[in-house]
Amino acid sequence: ACGTPLVIVDPVPGQEERAALAESVRRLLSESGLPRKGYAEPPDRDLWRRLADLGVVAALAPESSDGLGLSLADLGGVLEALGRACYSGPFVASAVAATTLLTAIGDTDLLPKVVAGDVVATVLDGGAVDNAALADVLLVVDGDTVSLAESFRAEPVQPLDGSRSFGTVSYDDTTLLATDARDAIDATRDRAMAAWLADGLGAAQAIFDLA
């Protein structure tokens with residue numbers, strides 16, 4: 001009822017390919033001046049475009065939607081690199097959570113735009129929204145349904161961790177994308193949590209190295 005089931009592709013790329021992908025991201029983040037000492041600057045849209053050009057924004061999407069069809073395990077090094085650099089952009093919000101949710105409900109319209117990096121999507125699933133200020137569209141989870149808000153208002157929220165960008169949102173009209181989407185929603189939550197853990201591991205390792 002909620003569309004195409006979520007499929008994690010095997011076999012995964014080898015260790016050398018994963019390491020090369022993570023190294024490309026580390027190099028890009030370093031050239032962009034991350035990590036910075038202060039967190040007052042908003043997420044950089046140009047940096048997002050450059051990450052998309054590397055292909056990592058498309059990593060988790062299926063090949064049928066112009067993605068790479070990789071698993072979250074393939075992105076472990078990339079996520080650690082983002083955490084090490086205190087990257088505040090919408091990678092988990094758009095490239096992980098929104099991509100997982102759109103894939104799992106069988107969306108074929110919005111997903112290719114998200115995969116290409118042309119549209120930044122984020123997910124409202126209760127509480128503050130990750131990268132609400134930078135997002136172009138909002139995926140609204142309400143019970144077992146998923147809807148799309150293309151027009152919404154975002155107010156920044158200052159989290160305890162100043163390297164992150166969150167906000168509260170309000171919206172008027174939505175378009176229903178899926179009903180009975182419990183499995184898709186659960187998969188999205190699980191993947192987003194795992195992604196944040198890998199990101200946190202990178203940040204912790206950077207602190208350890210500094211110490």
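Helices here are DSSP runs of H or I with at least four residues, numbered from the N terminus. Keep in mind that this is a predicted model.

**Stop 1: Pro 35**

Select Pro 35. It sits in the loop between helix 1 and helix 2. A cis peptide bond links Leu 34 to Pro 35, with omega at about 0°.

**Stop 2: helix 1 and helix 2**

Color helix 1 (15-31) and helix 2 (45-54). Two packed helices are described by the angle between their axes and the distance between the axes. For helix 1 and helix 2, the angle is about 160° and the axes are 11 Å apart. Why are helix 1 and helix 2 called roughly antiparallel? Angles over 145 degrees count as roughly antiparallel, so helix 1 and helix 2 fall in that class. Their crossing is right-handed.

Next, show the side chains at the contact. From helix 1, pick Ser 24, Val 25, Leu 28, Leu 29 and Glu 31; they meet Leu 47, Arg 50, Leu 51 and Leu 54 of helix 2. Sorted by class, this contact has six nonpolar, one polar and two charged residues.

**Stop 3**

- Ser 64 is in the loop between helix 2 and helix 3. Ser 64 is exposed, with a relative accessible area of 71%.
- Ser 65 belongs to the loop between helix 2 and helix 3. Is Ser 65 buried or exposed? Its relative accessible area is 5%, so Ser 65 is buried. Leaving out residues up to four places away in sequence, Ser 65 touches Asp 107, Leu 111, Pro 112 and Val 115.
- Asp 66 lies in the loop between helix 2 and helix 3. Asp 66 is exposed, at 59% relative accessible area. Check its backbone: phi is positive, about 70°, although Asp 66 is not a glycine.

**Stop 4: helix 3**

Select residues 76-84, which form helix 3. Which residues of helix 3 are buried? They are Gly 76, Val 78, Leu 79, Ala 81, Leu 82 and Gly 83. These buried residues pack against helix 1, helix 4 and helix 6. Step just past the end of helix 3 to Cys 86, where phi is positive, about 55°.

**Stop 5: helix 3 against helix 6**

Helix 3 passes helix 6 in a right-handed crossing.

Show the contact. Helix 3 brings residues including Leu 79, Glu 80 and Arg 84, and helix 6 brings residues including Ala 195, Asp 199 and Gln 205. The contact residues divide into seven nonpolar, four polar and four charged.

**Stop 6: the core**

Center on Leu 79. Not counting residues up to four places away in sequence, Leu 79 touches Leu 72, Phe 91, Val 92, Ala 195, Ala 198 and Asp 199. Leu 79 is also among the residues with the most contacts inside the largest nonpolar core, along with Tyr 87, Phe 91 and Leu 101. That core has 62 residues. Helix 4 (residues 91-104) gives the most to this core, with nine residues.

**Last stop: Asp 180**

Finish at Asp 180, in the loop between strand 7 (175-178) and helix 6. Phi of Asp 180 is positive, near 50°, in a residue other than glycine.

Conventions
Residues are numbered from 1 along each chain as its sequence is written. This is a predicted model: local features need pLDDT of at least 70, side-chain atom pairs count only at pLDDT 80 or more; totals for chains, interfaces and linings use all residues. Side-chain values use heavy atoms; hydrogens and water are left out. Axes are lines fitted to C-alpha atoms, for helices over the stretch in contact, and angles run from 0 to 180 degrees between N-to-C directions. Helices (H or I, at least four residues) and strands (E, at least two) are DSSP runs, numbered from the N terminus. A crossing is left-handed if the near helix is turned anticlockwise from the far one by less than a right angle, and right-handed if clockwise. Contact means heavy atoms within 4.5 Å. Ala, Val, Leu, Ile, Met, Phe, Trp, Tyr, Cys and Pro count as nonpolar, Asp, Glu, Lys and Arg as charged, and the others, Gly among them, as polar. A nonpolar core is a set of buried Ala, Val, Leu, Ile, Met, Phe, Trp, Tyr and Cys residues joined through side-chain atoms within 4.5 Å. Buried means under 20% relative accessible area, exposed over 50%, partly exposed in between (1.4 Å probe, protein chains only). Angles under 35 degrees count as roughly parallel, over 145 as roughly antiparallel, 65 to 115 as roughly perpendicular and the rest as oblique.
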